[in-house]
Structures are given as structure tokens and as C-alpha cells.
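Please look over the structure shown below before reading on, and keep it at hand while you follow the report.

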Amino acid sequence: MQTIDLEAEGLRHLNATLHAQAENTNQTAWEVLNPRGSHAIACGLDAPIEVTVKGSTGYYCAGMNKQATVNVHGSAGPGVAENMMSGTVVIEGDASQYAGATGHGGTLVIKGNASSRCGISMKGIDIVVHGNVGHMSAFMAQSGNLVVCGDAGDALGDSIYEARLFVRGSVKSLGADCIEKDMRPEHLEILRDLLEKGGCDAKPEEFKRYGSARQLYNFNIDNAY
Amino acid sequence: MKDIKNDGPPRTTPIQSATFSQSINAEIRRAAATGIYDIRGGGAKRKVPHFDDLLFLGASISRYPLEGYREKCETSVTLGTRFASNPIKLDIPVTIAGMSFGALSGPAKEALGRGATLAGTSTTTGDGGMTPEERGHSNKLVYQYLPSRYGMNPDDLRKADAIEVVVGQGAKPGGGGMLLGQKISDRVAEMRNLPKGIDQRSACRHPDWTGPDDLEIKILELREITSWKVPIYIKVGGARPYFDTTLAVKAGADVVVLDGMQGGTAATQDVFIEHVGQPILACIREAVRALQDLGMHREVQLVVSGGVRTGADVAKCMALGADAVAIGTAALIALGDNDPRWEDEYQKLGTTAGAYDDWHEGQDPAGITTQDPELMARFDPIEGGRRLNNYLKVMTLEAQTIARACGKNHLHNLEPEDLCALTMEAAAMAKIPLAGTDWYPGKPETSY
């Protein structure tokens, strides 16, 4: 286990050290102490390493992550795992706004609640939230899966494209062009796999599926506000 | 023969309304018939105060000129000197503005890269990400970081020579965009993670930050991912140039890119293009004032765009305080957009060469703003690159000609005192004295 004290060593040293890890590094386990809500912790990683942050993080923790596994033993500020490409990010606490925004791949697990705009413009990422998500989650979501074990706030999936949304609890309201859809056997399989990856003991049958009505896919003036 | 018109009392000559002009009335009829607003490409077509309303004074007894063809007049510029360890060094201060693969064909993007590289300048990606052809043919490539994040990934981010965070553009400050389904080929769809054939909306604001305090943190993240190597530009439309420039500097920009309302877009509502934003002439001095107030003029570089067409325009931008300019529409025209050789086909599309602006429909006869394989095949990227290089060379030579006439051995040595204004409006906007006077509207009172 390699340990970096962020307070003592500074952000540039932390990220430069983690960026320097090669594909075949044998230094795979890293621990970050004293994050104290700092921004851009462990962003831009691109190696199969495991980074554990001992505390809460600020904005954009694990932004644009590739390959790495990042565990935050605390809560995460806005934009955690934004534009993630691959790998896994796990937040033990809550996540602020825009969690997993524009993510292309990988898995983001939030064991607490996520705030508004969770999964905004997601492009292939899988997001599993053990608690609730705030308003405008999955806004303009293009592809990937958002699993919400709790409740969803207002305007879920507004202007959604092809992403799949699974919610176990209530949905305060659906956004434009987002509808409830049939949960077919293949969706139950996908969801079972996601719940297992996310460490949730919920049953797929308890969820409802939401997605695009595909009525906004081609420009029509009657759809304009 | 009897002239019946002369029978009876004299009649009033029919008078067309200036308010309800023929073109306004035609647009009312079109709107009434279709129920949809006009969407088009390009920038503002209305006449606004512009660089044509400024003149250089030239040398005289109190200023001596440099020999036109022999004495050196430097044109190089370095962008991103504030924080980046690898600032961009360009031979000429004319760059190619961001235009997307999707809005433009792959060969057209390649031609922009080829021409820019030959001329020793940079080109810029757009919504839709970076293509290998564009990266391969561009010696200096600026990677746009846009609200849609289509195609955004850390590998391309690290391949870029600079990153341009796009907050807005001159054609539509505060607006997003839409790439209509007919231009979404398999490749465009794949790059944007969306199904083929559906309209692709480009958001008007970023998904994971709001406001200048967040932007500062976003820039920190981009710098950390790219190890503080490449410059970070912030591009804004010509809305509130003093405050936007101030906030961009505060957020940590290395370079501010300022785009006036004449700057083109791939597609948006005509009402947006013509009625939102300011002419670039009104923006430059305000942005320069902001930089000067912060003590950052020349430390944070200013790139201006929106209607730059000639070397005279370049020289005027330099004199007003810009470090470089960017061209988009002019570059497309150099490649062959709106060329009269395609007039028959423009006519079939209900338009004419010079006025064609339905770039979003993907039917461009010149094969530039299209993804149609047959139309694309009309365009030769090597010849396009040669033409763009020629054009950039001419602009540079023209700007040097003017600078030497003003006694300047570098384009950046041009200054407001080298200019006069032809109109009150231009004088007020550019803070340049009206020709024949030492006064411009709004000039602070001076006491002797």
C-alpha cells in the first residue's frame, strides 16, 4: 500500500504520481490521506490501480477515469467521476450534483444519496445509487444505465435519448419525453447484474423501468417550448 | 396612342414601407404558411458597424514608415504564456476557429488542418470531438471542451495542443445547437454516442459547472488531467465583454477568445443570429480594458473573431489590442463554400451563391457542410488546404503592409493611435476618434 498525504504533498504531486503508474505497475494499491474536500483528486487516471481516499472530496474526484478503481470513504462533491471512460468509482457517502455527468463507461456506485442532475448527459456509464437522486437526473441521458434504489426527484430523464433508468421507489415527476416502459426479461437480467456490481441487495422485480418515448428525436416545432 | 395613365387626377406614387419591407413581408408570409421559424447557418447578415468603418492613418512627418518590401515586420504570436508549460507558438496571428466534424465533412476538416499547418497556425475541433484525420493533418490543434461533451475523452484531451472551454459563441450567446438527423452518418453517430438519423442537440450550458467559481475548479481539473502542459482558452460570445473577460481571467484562462455576432454557426434560429449579441467592433476595446484593469493585457492573450475577412481586418484587430484573430466563415469561403461555380445547384436549392446558408440541411453543393458521400467527393482536401494557405498568406501580407506603413516592425505594435473612425457609431464602439477630430462619443473629459 502506497500512502500519499494530500495536505503535505499537494494535489499536483498526488495526480502526477498516480498518472505515472504504468499499465503493468505492481504498485496497485494507493491511499490518499487528508483530502479535506480538495478538488480534482485522482482525476485523469489511466492504469489498473486502486485508490482509496480517506475522507470527503471536492469537485471532480476521479474525473475522466480510465481503468482505475477509486473508493471515497466519505462524500463526494459535484461532478464525481464526470466523463468517466472505464473503471469503477465507489462513494461510501453521498454525492453532490452532476455525479457521473457525461460518463462514457465504467461503473459509479453511490452508497448514499445523489443530488440533482445525477447522470446528466450520460453516454454509456452505469450508475448505481443506493439512496435517492435529486431533480433533473439523467437529463439528456444518451446511453448507459442509471439505477436508483430509493426515490427520484422532479423531471427524471428529461429529453432522454437511449439510456435506461431503473427506479425502485417513487418518481416525483418524469421529464419531457420520458415514460415508464415494460420491464422485460432482458432488462431484469441487466438490472440484476448492475445491482450485484453495485453491492445492492434489492431485487430487480421491485424496480420500474423508464426511458425515452422517442417523440423528440426529430425537430418538430410543436415540441418547442 | 392615348396614355390612359395620364387620364384623371394625379396619383400618389406607390411607396414601399421601410418598416414592412419586401423581405420582412416575405418572412411574415413564410412564417404564416409554415408555422416554423427560420433556421440557418452563418453569422449576422444585417449591416453593423464593422472594421470597414475604421481607417489607418499611416505614417507622416511625426511617424516614419518601414520599407514596404524589405524591412522586417514580425507576425508571430505565442498563446498561453500565463500557466501552460507548453504555450502555442504561431507564425501568424490568424487562427482557424472551431468548426465541428458533423457540421463539416471529414475532408473539409482535413483541409482546414492542412492549410493551417502550411501557414504555421492552429486549427480547432468543434462539437463532435477530434478525428484522427484532423489531428494528423494539424500541427497545432485546439480541442474544444463543449457543453455537449460529444466525443470528449481524456486521450484526445492529452493529444491537444490547447483546450478551448466554450462558454458561448458570437452567433448565439446563450444558445445551444442542433445537428439535424440528415447529417448524422454512421460515423458522426458513433462519435456522439447516439443513434443514426436523429437530431442531436448541443446543450447551451455545461452539464457540470455553473458560474465563474465552478469554472475555476473545472479548469483546475483539466489542467491536472493534462499535467499543466497545454494552454486553456475560454471562448465567449460578444455579450458582456468587459465582465466576461474579467471572469475568464479570474477563472484561470490563459487565453480569452471573443466572438462577435458576425461569427458563424452551423445552425441556429435566424432570430437568434440577428438579434442577440454585439458586433465584434463593440467588444474588443472592452475586453482589452478588462485585461488592462487586471494588469493582464498581453499576459492573458486575446483572440477575436466574428467577421474577420482581410489583412486590414487583422491589422485593425491588432491595433485595437487583440493578440490574434480567428476565422471561420472566411476559411470556408477560401475552401470553396458559396462559390459561383455551383450557381446552378444553388438555384435548385432556392438560393444563390453568396447567400447559401442552409448548412444544416447537408445539401451543400460545394461538398463542405455535408456528410453526403457524393457531395463530399467533390471536395479535394489537398487543394482545399492549398487554397486556405494561400488565403492566410495574403491576409498576413496585407496586415504587414499596413503595419509597415504605420512604422511598426511587429503586428502587435499597431495601436489605437494608428486609427481613425469613419462613423460616429464606429468611433463610439471602438473608442477611436472620428476622422478629422480628436474626439469620440463617450471620451472622458481631459483638462489641460
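In a crossing of which hand does helix 6 of chain B pass helix 7 of chain B? The model shown here is a predicted one, and in it helix 6 of chain B passes helix 7 of chain B in a right-handed crossing.

**The helix pair**

Two packed helices are described by the angle between their axes and the distance between the axes. Helix 6 of chain B, which covers residues 211–225, and helix 7 of chain B, which covers residues 241–251, pack at an angle of about 40°, with their axes 8 Å apart. That angle makes helix 6 of chain B oblique to helix 7 of chain B, because angles under 35 degrees would count as roughly parallel and those from 65 to 115 as roughly perpendicular. The residues that make the contact are set out by helix in the table.

| Helix of chain B | Residues in the contact |
|---|---|
| Helix 6 (residues 211–225) | Pro212(B), Leu215(B), Glu216(B), Ile219(B) |
| Helix 7 (residues 241–251) | Leu247(B), Lys250(B), Ala251(B) |

Sorted by class, this contact between helix 6 and helix 7 of chain B has 5 nonpolar, no polar and 2 charged residues.

In soluble globular proteins, nonpolar side chains tend to be buried together. Here the largest nonpolar core has 187 residues, and those with the most contacts inside it are Val147(A) and Val325(B). The element that gives the most to this core is helix 14 of chain B (residues 381–405), with 7 residues.

If the neighbours within four places in sequence are left aside, Val147(A) is in contact with Ile127(A), Val128(A) and Val129(A), with Phe166(A), and with Leu191(A), Leu194(A), Leu195(A) and Gly198(A).

**Where the chains meet**

The contact between the two chains takes 37 residues from chain A and 24 residues from chain B. On the side of chain A that touches chain B, the elements that give two or more residues are helix 2 (11–19) and strand 7 (123–129) of chain A, and helix 2 of chain A gives the most, with 4 residues. The residues of this side of chain A divide into 17 nonpolar, 14 polar and 6 charged.

**An exposed lysine**

Lys72(B) lies in the loop between strand 2 (54–56) and strand 3 (77–79) of chain B. Why does Lys72(B) count as exposed? Lys72(B) counts as exposed because it has 10 C-beta neighbours inside 10 Å, and a residue is exposed if that number is 12 or fewer. Although Lys72(B) and Asn409(B) are 337 residues apart in sequence, they are 6.1 Å apart in space, C-alpha to C-alpha.

Methods
Residues numbered from 1 in each chain as written. Chains lettered and ligands numbered in written order. Predicted model: local features only at pLDDT ≥ 70, side-chain atom pairs only at ≥ 80, totals over all residues. Core = buried A, V, L, I, M, F, W, Y, C linked by C-beta atoms within 7 Å. Buried ≥ 20, exposed ≤ 12 C-beta atoms within 10 Å, placed from the backbone. Contact = placed C-beta atoms within 7 Å. Axes fitted to C-alpha atoms, helices over the stretch in contact; angles between N-to-C directions. Parallel < 35°, antiparallel > 145°, perpendicular 65-115°, else oblique. Left-handed = near helix turned anticlockwise from the far one by under 90°. Nonpolar A, V, L, I, M, F, W, Y, C, P; charged D, E, K, R; others polar.
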